[in-house]
Amino acid sequence: MTETLLALLPTWGPWLLATTTFLSCLMLPIPASMLMLAGGALVATGDLALPAAAGGALAGAIAGDQVGFFAGRGAGRFLPRLRGKRARAMARARQQLRRNGNAAVFFSRWLFAPLGPSVNVAAGALGHPHRAFTLAGIAGEVVWVGLYVGIGYAFGANLEAATELASSTLGLLAAFAALVVFGWWLIGAARRRSD
């Protein structure tokens, strides 16, 4: 499927990027990140315009997040009936939302992206404020799209190197985020001990 989508990208450009990011935000196994890297490469060669490529990917992601959120609002009472892998993902998403609120929404767009679709549904089901969800979601999607389209643009001649760089960058960002969270926890623990 990836090769077919990559072959269609020069022709369908922003529309294909919008469709793939939209579907990926709805738990469908679509290679949206790979297509954004390729879209950035096509921007570098002049085959796509940057505003159209990034705008298409961003619009699709934001729309997918909103559909997931409102699906959660409507289907919240059915979530306890989920079983298996989906039930575990939903439980993790709920836990992250309860613990971290808008930060969970923001980071699940790009740093912990596999959790993103579940966070969308869980946020709707838990009655998370829509405006706060939307603002945190848009901010996270801007990072996701900017990171992947930007790396694709920078390494357009070598898509394999761009893929490896994106993976390494996300790994470094995840390590940094874990370090910040651990530091925050240490400071909180020290304050609680001194009280």
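Begin by selecting Asp 65, a residue that is buried, with a relative accessible area of 3%, where buried means under 20% relative accessible area, exposed means over 50%, and partly exposed lies in between (1.4 Å probe, protein chains only). Before going further, note that this is a predicted model, in which local features need pLDDT of at least 70 and side-chain atom pairs count only at pLDDT 80 or more, while totals for chains, interfaces and linings use all residues. Residues are numbered from 1 along each chain as its sequence is written, and side-chain values use heavy atoms, with hydrogens and water left out.

**The salt bridge**

Side chains of opposite charge can pair when their charged atoms come close. Here the side chains of Asp 65 and Arg 109 meet in a salt bridge, at 3.0 Å from N to O; the term requires a side-chain nitrogen of Lys or Arg within 4 Å of a carboxyl oxygen of Asp or Glu. The pair links distant parts of the chain, since Asp 65 belongs to helix H3 and Arg 109 to helix H5 (residues 102-110), 44 residues apart. By this rule the count comes to one salt bridge.

**The whole chain**

Now zoom out and colour by secondary structure: the protein chain has eight helices and zero strands, where helices (H or I, at least four residues) and strands (E, at least two) are DSSP runs, numbered from the N terminus. Of its 195 residues, 38% count as buried.

**The nonpolar cores**

Next, select Leu 9, Leu 17, Met 36, Trp 144, Val 145 and Tyr 148, which have the most contacts inside the largest nonpolar core, a group of 24 residues. Such a core is a set of buried Ala, Val, Leu, Ile, Met, Phe, Trp, Tyr and Cys residues joined through side-chain atoms within 4.5 Å. Helices H1, H2 (32-44), H3 (50-75) and H7 (130-154) each supply at least two residues of this core, and the largest share, seven residues, comes from H2. A second, separate core of twelve residues includes Leu 97, Val 105, Ala 122 and Ala 136.

Stay with Trp 144 for a moment: leaving aside its neighbours within four places in sequence, Trp 144 is in contact (heavy atoms within 4.5 Å) with residues including Thr 21, Met 36, Ala 61 and Arg 109.

**An enclosed helix**

Select helix H6 (residues 116-125), where nine of the ten residues are buried, so the helix is largely enclosed by the rest of the structure. Among the buried ones are Pro 117, Asn 120 and Ala 122. After H6 comes Gly 127, whose phi is positive, near 75°.

**Aromatic rings**

Select Phe 106 and Phe 107, which form an edge-to-face aromatic pair, 5.0 Å centre to centre with 75° between the planes. Rings of Phe, Tyr and Trp (its six-membered ring) pair if their centres lie within 6.5 Å, and planes under 30 degrees apart count as stacked, over 60 as edge-to-face and the rest as tilted. Phe 106 is partly exposed at 21% relative accessible area, and Phe 107 is partly exposed at 29%. Elsewhere, Phe 69, Phe 70 and Phe 133 form one aromatic cluster.

Finish at Trp 15 in helix H1 (residues 2-24), which counts as exposed at 66% relative accessibility.
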